[in-house]
Amino acid sequence: MKRIAVLIAVLGAAIGLMIPAVGSSAAQAQTVRVNEVSYRISLSARPKAGVVKFVIRNAGDDPHDFWLRGGGRRWKSRVLVEGGSASLTARLKKGVRYTYWCGVSDHASEGMRGSFVAR
Ligand SMILES: [Cu+2]
């Protein structure tokens, strides 16, 4: 009988540990698709505050990468060849303006840049 009580206690603890994992930020992460063509970057949605997974796709003919900066932090993807993709995950702060751009050659000044405020 004592053994059963211990087993129930262990199971209870295990379930208790699992419940926060289900509701964690990973489960709530937004996915924002980033489409890059020469010379434009478009986001599928305006990113909200919290954990955001940017899925970047180079749909153009030239190499492109993706940089993101704001709130004292900076993220960058590797350079993607034509048809390439990558992802980066960032935790965005509410009310902070983030800027994004392609860092290859003069692509940013050609129009591959933008910004948003995380709400
Ligand atoms: Cu580019």
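The following exercises, each with a worked solution, concern a predicted model of a protein chain.

**Exercise 1. Describe the secondary structure of the chain and state what share of its residues is buried.**

Solution. Begin with the elements: the chain contains two helices and eight strands. Next, read along the sequence; the order is α-α-β-β-β-β-β-β-β-β. Finally, consider burial: of the 119 residues in the chain, 32% are buried.

**Exercise 2. Determine how Phe66 and Tyr100 pair, and which parts of the chain the pair ties together.**

Solution. The count of aromatic pairs comes to six. Phe66 and Tyr100 form an aromatic pair with 6.0 Å from centre to centre and 35 degrees between the planes. Planes under 30 degrees apart would count as stacked and those over 60 as edge-to-face, so this pair is classed as tilted. Now locate the two residues: Phe66 lies in the loop between strand E3 (50-58) and strand E4 (67-70), and Tyr100 lies in strand E7, so the pair ties together parts that are 34 residues apart in sequence. Both Phe66 and Tyr100 are buried.

**Exercise 3. Carry out the analysis for Trp75 and Tyr98, and name the aromatic cluster in which they take part.**

Solution. The rings of Trp75 and Tyr98 are 6.3 Å apart, centre to centre, with 45 degrees between the planes, and form a tilted pair. Trp75 belongs to strand E5 (residues 73-76) and Tyr98 to strand E7; the pair therefore ties together parts that are 23 residues apart in sequence. For burial, apply the cut-off of under 20% relative accessible area. Trp75, at 10%, counts as buried, and Tyr98, at 1%, is buried too. One aromatic cluster is formed by Phe54, Phe66, Trp75, Tyr98, Tyr100 and Phe116.

**Exercise 4. Identify the residues of the positive surface patch, and decide whether Lys94 is buried or exposed.**

Solution. The patch is formed by Arg46, Lys94, Arg97 and Arg119. Of these residues, take Lys94, which is found in the loop between strand E6 (85-92) and strand E7 (97-101). Lys94 has a relative accessible area of 68%; exposed means over 50%, so Lys94 is exposed.

How values were computed. Residues are numbered from 1 along each chain as its sequence is written. This is a predicted model: local features need pLDDT of at least 70, side-chain atom pairs count only at pLDDT 80 or more; totals for chains, interfaces and linings use all residues. Side-chain values use heavy atoms; hydrogens and water are left out. Patches are made of residues with over 30% relative accessible area and no salt bridge: like charges are joined within 9 Å, nonpolar side chains (Val, Leu, Ile, Met, Phe, Trp, Tyr) within 5 Å. Accessible areas come from the Shrake-Rupley method with a 1.4 Å probe; for residues, only the protein chains shown count as cover. A salt bridge is a side-chain nitrogen of Lys or Arg within 4 Å of a carboxyl oxygen of Asp or Glu. Lys and Arg count as positive and Asp and Glu as negative; His and the chain ends are not counted. The place of a charge is taken as NZ of Lys, CZ of Arg, CG of Asp or CD of Glu. Helices (H or I, at least four residues) and strands (E, at least two) are DSSP runs, numbered from the N terminus. Buried means under 20% relative accessible area, exposed over 50%, partly exposed in between (1.4 Å probe, protein chains only). Rings of Phe, Tyr and Trp (its six-membered ring) pair if their centres lie within 6.5 Å; planes under 30 degrees apart count as stacked, over 60 as edge-to-face and the rest as tilted.
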